[in-house]
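Please keep the sequence and the structure in view while reading.

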Amino acid sequence: MSILTQDQTKRITDRVLSLSKADECTVNVEGARIGNIRFARNAVSTAGLADDTRLTVQVAFGKRQGTATINEFDDKSLEKAVRRAEDLARLAPENPEFMPAIAKTGYKSSETYVKRTAEIDPEFRAQAAAYAMEACRKKGLVSAGFFTDRETFETVANSNGVFGHQVATSLDFTCTVRTEDGRGSGWVKRSARDVARFDPREAADVAIEKALRSVDAKALEPGRYTVVMEPSATSDLLTFMIGGFNARMADEGRSFLSKKGGQNRLGDKLFDQQVNIWSDPWDKDVPVLPWDSDMLPRERTHLVKDGRINALNYSQYWAKQKGQRAIGRAGNIIMAGTDKSTAELIANTKKGVLVTRTWYIRMVDPQSVLVTGLTRDGTFYIENGKVKHPIKNFRFNESPVSMLNNIDEIGKPLVIGGDEANYSMLIPAMKIRDFNFTSLSDAV
C-alpha cells in the first residue's frame, strides 16, 4: 500500500476533513518504497526493500494546534487520529506565531517521476554493485558502497480546499575504493531522477582511478592555494550558506546576510560577478515538489544575480510582520555553470590543489559561515595544467561566502542528490583562489 494513487488519497483526505470539528484542518499523506543494496570488502552485505505509508492530520481551534500521525487508513483509524489531534489542540497553549492554513491555491506539477526508475528491481541493484566489486577484485582493490532507489508520493489537503498530489522517483549511489594496503582511496557519488542518466560503470571507474592515483601521497605545506573543487566537494560547503537566505534570520542578526539595526543585505554585492544561484521546482535536471512543508507554492526564485543578493525567503509569519509576500521554501539549489570540464579547469591552473571530496565539515562562525573540515579520498597537486602527484589531505578553515568571492573559473554543473532538508543541487566544479588549508591530515 506504499504508493497510493491520487484518487485513493483524495478519498482519504476528504474523509479526514469531513470528520474534523476544528476551526481548520490540514492533512498530509505520504509514502515511499525504497530499495537498496550495500556492499563492503567486495561482497554484498545487505539488500532489501522497505515501504511505508503514513497520514498526518493537524487541526486548530483558534491559535491552539494539535497533530496526530497514523499508518492505518480505515474509517475507524482515521476518526481516531482526528479526535486525538483535536484533543491535543484543546490542551495546547496558544501559538503566538500561529498562521492560518493557506487559502485555496493551485500547484503546477513538476516532472519528478520517471517510470523506468520506479521499475528498478533487485537484479538491477545487484548489477550496479557487481561492477564495482568485480572491477576492484581484478585490480587488487577493495570496494564499499551503497545504492538506493526510491519511489515516493505526497498528498496535501486542507479545509480551505487546497489539494495537491505528486509522485517522484530518485536514486543515489556512493562508492569508496581503497588499495589493499590502505594507502590509496577514491570516492564517487551519483544521483538522478531518471535511471537512464546513471551509469554504474562510469561511477565505479571514477572511484577506482582516484584510488590508484592517490597512492604515495606527498606532504604539501599548509597555506592558501588555488584549488579546483569538484561539484561534490563544492556542494558540501555551499549547503552551510544556503540556510542564510532566510529573511527572518537575516533581520534578527542570525545570518551572514544580517546588518546592524535589524537590516539585511538584500541588494548587496557579496560574490563574484559570475555567481548566479536560483531555485526552480520545474528544472529538468533537479525537479522537486511544487509546494514546501507549509504547503506554500514554490516559485522560480533567483537568490543571487550577478553576485548580488537578489531574494530572501519569507515564511508566512515573517512575511506578515514585514509586509512582504510569502513564497514556499526552496527544494533545490541551482548554480549557473559553463561547458568547461574539470579537466579544463585543471589545464588552466599553473599551481594548485585538486579537491575531489570534503568531509566532516562543521560550522565555526555562523555570522561569516566559516566552516572547518577535511579533504578526503583523493587530493592532488596541480602544476602547469596537469595533475602531478597525490598529496596528503588537509584540514581547511574557509567560508563559502569568501569562496564564491574568489572564483577564477566555473565549470560544468553536476546533479548532487539530497532530501528536502539538504536540497537537491545542480552545482558546478570551480576554480577558486586563496583557499585556506590550515594543517595536514594523515587520513586517506
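The model is a predicted one.

The annotation "domain: Metalloprotease TldD/E N-terminal" in UniProt covers residues 29-89, where the chain is 25% helix and 62% strand, and where the end C-alpha atoms are 20 Å apart.

Helix H1, made of residues 6-19, has 14 residues and reaches 20 Å from its first C-alpha to its last, which is close to the 20 Å expected at 1.5 Å a residue. Within H1, the residues Thr9, Ile12, Thr13, Val16 and Leu19 are buried. An α-helix has 3.6 residues a turn, so residues three or four places apart point the same way. On the other side of H1, Asp7, Arg11 and Ser18 are exposed. The partners against which the buried residues of H1 pack are strands E1 (24-40), E2 (43-61), E4 (141-158) and E5 (163-179), together with helix H2 (75-91).

The search of the whole structure for aromatic pairs finds 13. Two of them share phenylalanine 147 and are set out below.

| Aromatic pair | Centre to centre | Angle between planes | Arrangement |
|---|---|---|---|
| Phenylalanine 124 and phenylalanine 147 | 5.9 Å | 50° | tilted |
| Phenylalanine 147 and phenylalanine 173 | 6.5 Å | 50° | tilted |

The pair of phenylalanine 124, in helix H4 (residues 122-139), and phenylalanine 147, in strand E4, links distant parts of the chain, 23 residues apart. The other pair does so as well, joining phenylalanine 147 in strand E4 to phenylalanine 173 in strand E5, 26 residues apart. Which of these rings are buried? Phenylalanine 147 is buried at a relative accessible area of 0%, and phenylalanine 173 is also buried at 0%, whereas phenylalanine 124, at 25% relative accessibility, counts as partly exposed.

Elsewhere, Tyr225, Phe394, Phe396, Phe435 and Phe437 form one aromatic cluster. Rings also meet charges: arginine 362 lies over the face of tyrosine 360, at 4.3 Å from the ring centre, while the charged end of arginine 376 sits over the ring of tryptophan 359, 4.1 Å from its centre.

Terms used:
Residues numbered from 1 in each chain as written. Predicted model: local features only at pLDDT ≥ 70, side-chain atom pairs only at ≥ 80, totals over all residues. Heavy atoms only, no water. Helix = DSSP H or I, 4+ residues; strand = E, 2+ residues; numbered from the N terminus. Expected span 1.5 Å × (residues − 1). Buried < 20%, exposed > 50% of the residue type's maximum accessible area, 1.4 Å probe, protein only. Contact = heavy atoms within 4.5 Å. UniProt positions renumbered as here; feature names shortened; annotations may be inferred. Phe/Tyr/Trp six-rings, centres within 6.5 Å; stacked < 30°, edge-to-face > 60°. Lys NZ or Arg CZ within 6 Å of the ring centre and 35° of its normal.
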